[in-house]
Amino acid sequence: MGRWEPDAAGRLREAAMALYAEHGYDGTTVADIADRAGVTARTFFRHFADKREVLFAGSELLEQQMVTALAAAPADATPMEAVAAAVLASAEFFDDIRQTYSRRRQAVINATPELRERELIKMAALTSALTNGLLERGVAPDVAALAAETGVAVFRVSYERWVSDPDGESIVDVIRATLKTLSGLTA
């Protein structure tokens with residue numbers, strides 16, 4: 001076994017993605033993933049709580065990046081301007097390499113009800129974090145909740161468009177276009 005090779009977490013992610021594509025999420029075990037990655041199941045559990053978390057690890061980093069950008073928005077920014085800054089900052093989390101991975105990841109999630117539920121929980125946590133960030137800026141609770149929900153909808157729509165875009169448009173351009181569409185809806 002290559003348990004001493006570097007980047008065990010990366011190898012586990014790649015092994016999981018390959019196995020999920022070959023056998024489906026439900027047809028893949030932690031032991032299968034560890035074996036394909038050349039590590040032990042114990043090593044798997046050092047990096048991930050379960051096979052589901054292979055797909056969701058890093059979500060907290062994305063959330064933190066967005067919350068930090070929201071907090072850094074100018075003091076005179078409207079709630080939606082602050083949320084837009086947060087959503088645009090999410091683009092820094094993604095790059096060309098992640099688009100291919102993100103496409104594969106989304107296909108697995110779309111095919112598995114349990115994972116779709118986990119994705120919804122992730123979006124709810126992001127909404128809550130953005131709402132709290134807006135409350136800290138002194139925004140009224142109902143306005144903070146509405147702005148955060150809208151921002152997460154912009155993020156979700158943009159992400160879905162980005163992973164399904166065969167032309168490979170950058171995610172920041174997709175987010176900007178989605179924000180422009182939103183402003184047209186409210187004009």
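Visitor: Among contacts between residues at least 6 apart in sequence, what share joins residues at least 24 apart?
Guide: Start with the term. Contact means heavy atoms within 4.5 Å. In this protein, 67% of those contacts join residues at least 24 apart.

Visitor: What kind of model is this?
Guide: This is a predicted model: local features need pLDDT of at least 70, side-chain atom pairs count only at pLDDT 80 or more, and totals for chains, interfaces and linings use all residues. Residues are numbered from 1 along each chain as its sequence is written, and side-chain values use heavy atoms, with hydrogens and water left out.

Visitor: What average pLDDT does the protein have?
Guide: pLDDT is the predictor's confidence in each residue, from 0 to 100. The protein averages 92. At least 70 is reached by 96% of the residues.

Visitor: Which elements have the lowest and the highest mean pLDDT?
Guide: Helix 7 (residues 96–110) has the lowest, at 84. Helix 6 (residues 79–89) has the highest, at 97. A caution on reading: where pLDDT is low, the predicted coordinates should not be read in detail.

Visitor: How many helices and strands does the protein have?
Guide: Both are DSSP runs, numbered from the N terminus: helices are H or I with at least four residues, strands are E with at least two. Here there are ten helices and zero strands. Along the sequence the pattern reads α-α-α-α-α-α-α-α-α-α. The C-alpha atoms fill a box of roughly 55 × 35 × 30 Å, taken along the principal axes.

Visitor: What percentage of the residues count as buried?
Guide: Buried means under 20% relative accessible area, exposed over 50%, and partly exposed in between, with a 1.4 Å probe and protein chains only. Of the 187 residues, 44% count as buried.

Visitor: Which residues of helix 6 are buried?
Guide: They are A82, V83, A84, A86, V87 and A89. The buried residues of helix 6 pack against helix 5 (59–72), helix 8, helix 9 and helix 10 (171–185).

Visitor: Which residues does L70 touch, beyond four places away in sequence?
Guide: L70 is in helix 5. Its partners are A82, V83, A86, L130, G133, L134 and R137. Why does L70 count as buried? Because its relative accessibility is 0%. Now a distance: L70 and T112 are 42 residues apart along the chain, and their C-alpha atoms are separated by 32 Å.

Visitor: Where do Y159 and W162 lie?
Guide: Both are in helix 9 (residues 141–164), three residues apart, about one turn of the helix. The general idea: an α-helix has 3.6 residues a turn, so residues three or four places apart point the same way. Y159 is buried at 7% relative accessibility, and W162 is buried at 3%. F93, F94, F155, Y159 and W162 form one aromatic cluster.

Visitor: Which residue does K51 lie over?
Guide: A charge sits over a ring if NZ of Lys or CZ of Arg is within 6 Å of the ring centre and within 35 degrees of the ring normal. K51 lies over the face of Y25, 4.3 Å from the ring centre. The charged end of R118 sits over the ring of F56, 4.7 Å from its centre.

Visitor: Is R105 buried or exposed?
Guide: R105 counts as buried, at 6% relative accessibility. R105 is placed in helix 7. The R105 side chain reaches the backbone oxygen of L55 at 2.6 Å. Beyond four places in sequence, R105 touches M17, L55, F56, E119, K122 and Y159.

How values were computed: Rings of Phe, Tyr and Trp (its six-membered ring) pair if their centres lie within 6.5 Å; planes under 30 degrees apart count as stacked, over 60 as edge-to-face and the rest as tilted. A polar contact is a pair of N or O atoms within 3.5 Å; within protein, one must be able to donate a hydrogen and the other to accept it, and residues adjacent in sequence count only if both atoms are side-chain atoms.
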